[in-house]
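Hi,

Here is the model I promised to pass on.

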Amino acid sequence: AIYALGGGVLGDVWRPEQRGRSLGLYMLIPLLGAAVGPILGGFIVEGTSWRWIFWSTSILQGVMIIGSLPLFFETHSPTILRKKAEHLRKITGDPRYYTEEDVLALGRSVSWVLMRSLSRPMRLLLFHPIVQIQACLSAFSYGILYLVLSTFSDLYTQQYYESISISGLHYIAICVGEVAGAEIGGPLMDYIFSKMKRHADGVAVPEFRVPLMIPGAILTPVGLFIYGWAAQRHMHWLVVDVGAAMLSFGMQIGGQAMQAYVIDTYPHHTSSASAASQFLRSMTAFGFPLFAPTMYAALGYGWGNSLLAFVAIGIMIPAPLFIWLYGPKLRTRAPSSY
(Lines give C-alpha, C1' and ligand atoms only; values in the text may rest on other atoms or scores of the structure.)
Protein backbone atom coordinates (compact mmCIF):
# COMPACT_ATOMS: atom_id res chain seq x y z
CA ALA A 1 0.00 0.00 0.00
CA ILE A 2 2.82 2.41 0.81
CA TYR A 3 4.44 1.97 -2.60
CA ALA A 4 1.11 2.50 -4.37
CA LEU A 5 0.05 5.58 -2.42
CA GLY A 6 3.38 7.36 -2.04
CA GLY A 7 3.73 8.41 -5.67
CA GLY A 8 0.18 9.75 -5.72
CA VAL A 9 0.82 11.93 -2.68
CA LEU A 10 4.00 13.32 -4.24
CA GLY A 11 2.08 14.18 -7.42
CA ASP A 12 -0.54 15.99 -5.35
CA VAL A 13 1.82 17.98 -3.14
CA TRP A 14 4.80 18.93 -5.33
CA ARG A 15 4.79 21.01 -8.49
CA PRO A 16 6.21 19.46 -11.70
CA GLU A 17 9.29 21.69 -11.40
CA GLN A 18 10.01 20.08 -8.00
CA ARG A 19 9.25 16.51 -9.01
CA GLY A 20 12.87 15.40 -9.13
CA ARG A 21 13.78 16.47 -5.60
CA SER A 22 10.61 15.01 -4.08
CA LEU A 23 10.98 11.70 -5.93
CA GLY A 24 14.67 11.51 -5.09
CA LEU A 25 13.95 11.75 -1.38
CA TYR A 26 10.90 9.47 -1.52
CA MET A 27 12.50 6.65 -3.53
CA LEU A 28 15.70 6.94 -1.54
CA ILE A 29 14.04 5.79 1.70
CA PRO A 30 12.66 2.36 0.67
CA LEU A 31 15.69 1.55 -1.48
CA LEU A 32 18.06 2.69 1.25
CA GLY A 33 16.11 0.59 3.74
CA ALA A 34 16.49 -2.48 1.55
CA ALA A 35 20.26 -1.96 1.51
CA VAL A 36 20.69 -0.91 5.14
CA GLY A 37 18.48 -3.76 6.39
CA PRO A 38 21.05 -6.51 5.76
CA ILE A 39 23.73 -4.48 7.55
CA LEU A 40 21.60 -4.09 10.66
CA GLY A 41 20.25 -7.61 10.31
CA GLY A 42 23.73 -9.13 10.43
CA PHE A 43 24.52 -7.45 13.75
CA ILE A 44 21.04 -8.17 15.16
CA VAL A 45 21.35 -11.88 14.38
CA GLU A 46 24.85 -12.11 15.87
CA GLY A 47 23.87 -10.13 18.99
CA THR A 48 20.39 -11.49 19.69
CA SER A 49 18.30 -13.73 17.41
CA TRP A 50 16.66 -13.58 14.01
CA ARG A 51 13.28 -12.89 15.69
CA TRP A 52 14.41 -9.40 16.67
CA ILE A 53 14.69 -8.50 12.98
CA PHE A 54 10.89 -8.67 12.90
CA TRP A 55 10.31 -7.21 16.37
CA SER A 56 12.48 -4.14 15.69
CA THR A 57 10.87 -3.32 12.33
CA SER A 58 7.37 -3.85 13.78
CA ILE A 59 8.07 -1.47 16.66
CA LEU A 60 9.40 1.17 14.26
CA GLN A 61 6.38 0.81 11.97
CA GLY A 62 4.00 1.13 14.91
CA VAL A 63 5.63 4.36 16.05
CA MET A 64 5.57 5.78 12.51
CA ILE A 65 1.89 4.92 11.98
CA ILE A 66 0.80 6.47 15.26
CA GLY A 67 2.87 9.59 14.56
CA SER A 68 1.40 9.97 11.08
CA LEU A 69 -2.26 10.02 12.19
CA PRO A 70 -2.33 13.66 13.38
CA LEU A 71 0.06 14.88 10.67
CA PHE A 72 -1.32 13.49 7.38
CA PHE A 73 -4.21 15.14 5.54
CA GLU A 74 -6.04 14.50 2.28
CA THR A 75 -4.03 15.63 -0.77
CA HIS A 76 -5.99 14.16 -3.71
CA SER A 77 -7.38 17.21 -5.52
CA PRO A 78 -10.52 15.52 -7.00
CA THR A 79 -11.43 14.22 -3.54
CA ILE A 80 -10.89 17.64 -1.94
CA LEU A 81 -12.98 19.27 -4.67
CA ARG A 82 -15.77 16.70 -4.29
CA LYS A 83 -15.96 17.32 -0.54
CA LYS A 84 -16.07 21.04 -1.18
CA ALA A 85 -18.94 20.59 -3.64
CA GLU A 86 -20.83 18.47 -1.10
CA HIS A 87 -20.33 21.17 1.53
CA LEU A 88 -21.58 23.91 -0.82
CA ARG A 89 -24.66 21.88 -1.79
CA LYS A 90 -25.41 21.36 1.88
CA ILE A 91 -25.08 24.96 3.05
CA THR A 92 -26.67 26.60 -0.02
CA GLY A 93 -29.22 24.00 -1.05
CA ASP A 94 -28.09 24.53 -4.65
CA PRO A 95 -27.65 21.18 -6.49
CA ARG A 96 -25.61 22.79 -9.28
CA TYR A 97 -22.38 22.41 -7.32
CA TYR A 98 -20.79 19.20 -8.59
CA THR A 99 -17.47 17.88 -9.91
CA GLU A 100 -16.39 15.85 -12.91
CA GLU A 101 -16.21 12.70 -10.78
CA ASP A 102 -19.78 13.33 -9.56
CA VAL A 103 -20.93 13.33 -13.18
CA LEU A 104 -19.02 10.13 -14.01
CA ALA A 105 -20.52 8.35 -10.99
CA LEU A 106 -24.02 9.73 -11.53
CA GLY A 107 -26.60 6.95 -11.38
CA ARG A 108 -23.96 4.37 -10.49
CA SER A 109 -24.13 2.19 -7.41
CA VAL A 110 -21.50 2.32 -4.69
CA SER A 111 -20.40 -1.20 -5.60
CA TRP A 112 -19.87 -0.16 -9.25
CA VAL A 113 -17.73 2.82 -8.24
CA LEU A 114 -15.77 0.64 -5.81
CA MET A 115 -15.12 -2.08 -8.39
CA ARG A 116 -14.14 0.57 -10.93
CA SER A 117 -11.55 1.93 -8.53
CA LEU A 118 -10.23 -1.46 -7.46
CA SER A 119 -9.87 -2.66 -11.05
CA ARG A 120 -8.15 0.52 -12.27
CA PRO A 121 -4.54 -0.65 -11.67
CA MET A 122 -5.05 -3.82 -13.68
CA ARG A 123 -6.90 -1.95 -16.45
CA LEU A 124 -4.00 0.48 -16.71
CA LEU A 125 -1.54 -2.40 -16.82
CA LEU A 126 -3.50 -4.24 -19.51
CA PHE A 127 -4.56 -1.39 -21.81
CA HIS A 128 -2.13 1.52 -21.32
CA PRO A 129 1.25 1.04 -23.08
CA ILE A 130 2.94 3.76 -21.02
CA VAL A 131 2.10 1.97 -17.78
CA GLN A 132 3.19 -1.33 -19.34
CA ILE A 133 6.60 0.08 -20.30
CA GLN A 134 7.12 1.71 -16.91
CA ALA A 135 6.01 -1.43 -15.06
CA CYS A 136 8.36 -3.70 -17.06
CA LEU A 137 11.36 -1.40 -16.61
CA SER A 138 10.67 -0.92 -12.92
CA ALA A 139 10.09 -4.65 -12.40
CA PHE A 140 13.34 -5.59 -14.11
CA SER A 141 15.37 -3.08 -12.06
CA TYR A 142 13.66 -4.14 -8.86
CA GLY A 143 14.31 -7.80 -9.61
CA ILE A 144 18.01 -7.12 -10.18
CA LEU A 145 18.18 -5.11 -6.95
CA TYR A 146 16.71 -7.91 -4.89
CA LEU A 147 18.85 -10.49 -6.68
CA VAL A 148 21.93 -8.52 -5.68
CA LEU A 149 20.65 -7.95 -2.15
CA SER A 150 19.94 -11.64 -1.62
CA THR A 151 23.36 -12.81 -2.85
CA PHE A 152 25.72 -9.98 -1.91
CA SER A 153 26.47 -11.27 1.58
CA ASP A 154 26.99 -14.83 0.30
CA LEU A 155 29.62 -13.54 -2.11
CA TYR A 156 31.75 -12.16 0.71
CA THR A 157 31.17 -15.01 3.17
CA GLN A 158 31.80 -17.80 0.63
CA GLN A 159 34.29 -16.25 -1.79
CA TYR A 160 36.12 -13.74 0.42
CA TYR A 161 35.66 -15.70 3.71
CA GLU A 162 34.36 -12.78 5.76
CA SER A 163 32.09 -12.98 8.81
CA ILE A 164 28.34 -12.37 8.50
CA SER A 165 28.50 -8.97 10.20
CA ILE A 166 31.49 -7.77 8.17
CA SER A 167 30.02 -9.04 4.91
CA GLY A 168 26.91 -6.97 5.64
CA LEU A 169 28.99 -3.80 5.67
CA HIS A 170 29.49 -4.11 1.91
CA TYR A 171 25.85 -3.14 1.46
CA ILE A 172 27.10 0.38 2.20
CA ALA A 173 28.25 0.45 -1.43
CA ILE A 174 24.66 -0.01 -2.60
CA CYS A 175 23.57 2.69 -0.15
CA VAL A 176 26.18 5.09 -1.50
CA GLY A 177 24.97 4.55 -5.07
CA GLU A 178 21.35 5.13 -4.11
CA VAL A 179 22.08 8.24 -2.06
CA ALA A 180 24.18 9.68 -4.87
CA GLY A 181 21.48 8.82 -7.41
CA ALA A 182 18.83 10.57 -5.36
CA GLU A 183 20.91 13.65 -4.50
CA ILE A 184 22.27 14.08 -8.04
CA GLY A 185 19.43 12.74 -10.14
CA GLY A 186 16.61 14.62 -8.43
CA PRO A 187 17.96 18.18 -8.84
CA LEU A 188 19.33 17.31 -12.29
CA MET A 189 15.88 16.14 -13.39
CA ASP A 190 14.33 19.41 -12.22
CA TYR A 191 17.03 21.42 -14.02
CA ILE A 192 16.54 19.56 -17.32
CA PHE A 193 12.76 19.84 -17.05
CA SER A 194 12.85 23.60 -16.39
CA LYS A 195 15.36 24.21 -19.19
CA MET A 196 13.36 22.22 -21.76
CA LYS A 197 10.17 23.95 -20.63
CA ARG A 198 11.75 27.36 -21.26
CA HIS A 199 12.85 26.28 -24.72
CA ALA A 200 9.28 25.12 -25.42
CA ASP A 201 7.89 28.61 -24.56
CA GLY A 202 6.56 27.51 -21.18
CA VAL A 203 4.76 24.39 -22.44
CA ALA A 204 5.65 21.31 -20.36
CA VAL A 205 5.14 17.72 -21.49
CA PRO A 206 5.94 14.46 -19.64
CA GLU A 207 8.59 13.57 -22.23
CA PHE A 208 10.87 16.18 -20.66
CA ARG A 209 11.62 13.50 -18.02
CA VAL A 210 13.04 11.06 -20.57
CA PRO A 211 16.63 12.40 -21.05
CA LEU A 212 17.66 11.38 -17.54
CA MET A 213 16.59 7.80 -18.22
CA ILE A 214 19.41 7.38 -20.75
CA PRO A 215 22.42 7.63 -18.37
CA GLY A 216 20.58 5.31 -15.99
CA ALA A 217 20.11 2.78 -18.78
CA ILE A 218 23.84 2.92 -19.56
CA LEU A 219 25.23 2.83 -16.01
CA THR A 220 23.09 -0.12 -14.91
CA PRO A 221 24.66 -2.72 -17.27
CA VAL A 222 28.12 -1.17 -16.79
CA GLY A 223 27.75 -1.67 -13.05
CA LEU A 224 26.65 -5.27 -13.60
CA PHE A 225 29.70 -6.00 -15.76
CA ILE A 226 32.15 -4.49 -13.23
CA TYR A 227 30.52 -6.19 -10.25
CA GLY A 228 30.26 -9.58 -11.95
CA TRP A 229 33.74 -9.89 -13.42
CA ALA A 230 35.48 -8.36 -10.41
CA ALA A 231 33.80 -10.98 -8.22
CA GLN A 232 34.60 -13.73 -10.75
CA ARG A 233 38.31 -12.83 -10.76
CA HIS A 234 38.41 -12.38 -6.97
CA MET A 235 39.68 -8.84 -7.38
CA HIS A 236 39.91 -6.46 -4.45
CA TRP A 237 36.57 -6.06 -2.68
CA LEU A 238 36.60 -2.32 -3.44
CA VAL A 239 36.26 -3.00 -7.17
CA VAL A 240 33.22 -5.20 -6.54
CA ASP A 241 31.67 -2.51 -4.36
CA VAL A 242 32.31 0.15 -7.01
CA GLY A 243 30.39 -1.95 -9.52
CA ALA A 244 27.51 -2.43 -7.07
CA ALA A 245 27.44 1.31 -6.33
CA MET A 246 27.38 2.15 -10.03
CA LEU A 247 24.57 -0.36 -10.55
CA SER A 248 22.39 1.13 -7.80
CA PHE A 249 23.20 4.67 -8.95
CA GLY A 250 22.02 3.92 -12.49
CA MET A 251 18.84 2.22 -11.35
CA GLN A 252 18.06 5.09 -8.97
CA ILE A 253 18.25 7.93 -11.49
CA GLY A 254 16.57 5.95 -14.25
CA GLY A 255 13.78 4.72 -12.00
CA GLN A 256 12.88 8.11 -10.57
CA ALA A 257 12.83 9.68 -14.06
CA MET A 258 10.38 7.03 -15.25
CA GLN A 259 8.27 7.44 -12.12
CA ALA A 260 8.11 11.20 -12.74
CA TYR A 261 6.97 10.54 -16.31
CA VAL A 262 4.07 8.40 -15.07
CA ILE A 263 3.08 10.99 -12.44
CA ASP A 264 2.95 13.69 -15.12
CA THR A 265 0.97 11.42 -17.46
CA TYR A 266 -1.61 10.27 -14.89
CA PRO A 267 -1.97 13.19 -12.45
CA HIS A 268 -5.36 12.10 -11.08
CA HIS A 269 -4.68 8.35 -10.96
CA THR A 270 -1.00 8.23 -10.07
CA SER A 271 -1.60 5.79 -7.23
CA SER A 272 -3.36 3.33 -9.54
CA ALA A 273 -0.51 3.54 -12.05
CA SER A 274 1.99 3.00 -9.22
CA ALA A 275 -0.03 0.02 -8.00
CA ALA A 276 0.13 -1.53 -11.48
CA SER A 277 3.90 -1.11 -11.49
CA GLN A 278 4.24 -2.44 -7.95
CA PHE A 279 2.39 -5.61 -8.93
CA LEU A 280 5.12 -6.58 -11.40
CA ARG A 281 7.88 -5.30 -9.10
CA SER A 282 6.68 -7.55 -6.31
CA MET A 283 6.68 -10.53 -8.66
CA THR A 284 10.27 -9.97 -9.78
CA ALA A 285 11.46 -9.16 -6.25
CA PHE A 286 10.09 -12.59 -5.30
CA GLY A 287 11.20 -14.46 -8.42
CA PHE A 288 14.69 -13.19 -9.24
CA PRO A 289 16.35 -14.28 -5.95
CA LEU A 290 14.97 -17.80 -6.49
CA PHE A 291 17.08 -18.49 -9.58
CA ALA A 292 20.12 -16.44 -8.48
CA PRO A 293 22.00 -19.28 -6.69
CA THR A 294 21.47 -21.68 -9.61
CA MET A 295 22.47 -19.03 -12.14
CA TYR A 296 25.69 -18.12 -10.32
CA ALA A 297 26.51 -21.79 -9.74
CA ALA A 298 26.15 -22.55 -13.46
CA LEU A 299 27.59 -19.38 -15.01
CA GLY A 300 29.66 -17.82 -12.24
CA TYR A 301 29.41 -14.20 -11.20
CA GLY A 302 31.03 -12.97 -14.42
CA TRP A 303 28.76 -14.53 -17.04
CA GLY A 304 25.75 -14.51 -14.69
CA ASN A 305 25.88 -10.75 -14.29
CA SER A 306 26.81 -10.36 -17.96
CA LEU A 307 23.60 -12.16 -18.90
CA LEU A 308 21.61 -9.70 -16.78
CA ALA A 309 23.58 -6.81 -18.29
CA PHE A 310 22.79 -7.91 -21.84
CA VAL A 311 19.09 -8.15 -20.99
CA ALA A 312 19.30 -4.69 -19.40
CA ILE A 313 20.86 -3.29 -22.58
CA GLY A 314 18.12 -4.85 -24.69
CA ILE A 315 15.32 -3.50 -22.47
CA MET A 316 16.48 -0.27 -20.83
CA ILE A 317 18.25 1.50 -23.69
CA PRO A 318 15.52 1.26 -26.38
CA ALA A 319 12.76 2.21 -23.90
CA PRO A 320 13.67 5.93 -23.49
CA LEU A 321 14.02 6.34 -27.25
CA PHE A 322 10.64 4.70 -27.82
CA ILE A 323 8.95 6.89 -25.21
CA TRP A 324 10.54 10.05 -26.61
CA LEU A 325 9.36 9.27 -30.14
CA TYR A 326 5.96 7.70 -29.52
CA GLY A 327 5.02 8.86 -26.01
CA PRO A 328 2.86 11.82 -27.14
CA LYS A 329 0.92 9.62 -29.57
CA LEU A 330 0.39 6.93 -26.92
CA ARG A 331 -0.88 9.49 -24.43
CA THR A 332 -3.43 10.96 -26.85
CA ARG A 333 -4.74 7.55 -27.91
CA ALA A 334 -4.87 6.05 -24.41
CA PRO A 335 -8.36 5.24 -23.09
CA SER A 336 -9.71 7.07 -20.06
CA SER A 337 -8.07 6.07 -16.80
CA TYR A 338 -11.30 6.57 -14.80
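Below is what I found, starting with the whole chain and ending with a few residues.

Some housekeeping: this is a predicted model, in which local features need pLDDT of at least 70 and side-chain atom pairs count only at pLDDT 80 or more, while totals for chains, interfaces and linings use all residues. Residues are numbered from 1 along each chain as its sequence is written, and side-chain values use heavy atoms, with hydrogens and water left out.

**Whole chain**

The chain has 13 helices and 0 strands (DSSP runs numbered from the N terminus: H or I of at least four residues for helices, E of at least two for strands). Its radius of gyration, taken over C-alpha atoms, is 22 Å, close to the 20 Å from the globule rule (2.2 Å times the number of residues to the power 0.38), so the chain is as compact as a globular protein of 338 residues. Along the principal axes, the C-alpha trace spans about 75 × 50 × 35 Å.

Buried residues make up 43% of the 338; buried means under 20% relative accessible area, exposed over 50%, and partly exposed in between, with a 1.4 Å probe and protein chains only. Taking contacts (heavy atoms within 4.5 Å) with a separation of 6 or more, 78% are between residues 24 or more positions apart.

On charges, there are 23 positive and 18 negative side chains, with the centres of the two sets 8 Å apart. Lys and Arg count as positive, Asp and Glu as negative, and His and the chain ends are not counted; each charge is placed at NZ of Lys, CZ of Arg, CG of Asp or CD of Glu.

**Helix α9**

After α9 comes Asp201, with a positive phi near 60°.

**Ala312**

Ala312 belongs to helix α12, residues 270-316. Ala312 is buried, with a relative accessible area of 0%. Leaving out residues up to four places away in sequence, Ala312 touches Phe140, Pro221 and Ile317. Gly62 is 250 residues from Ala312 along the chain, and their C-alpha atoms are 38 Å apart.

Cheers
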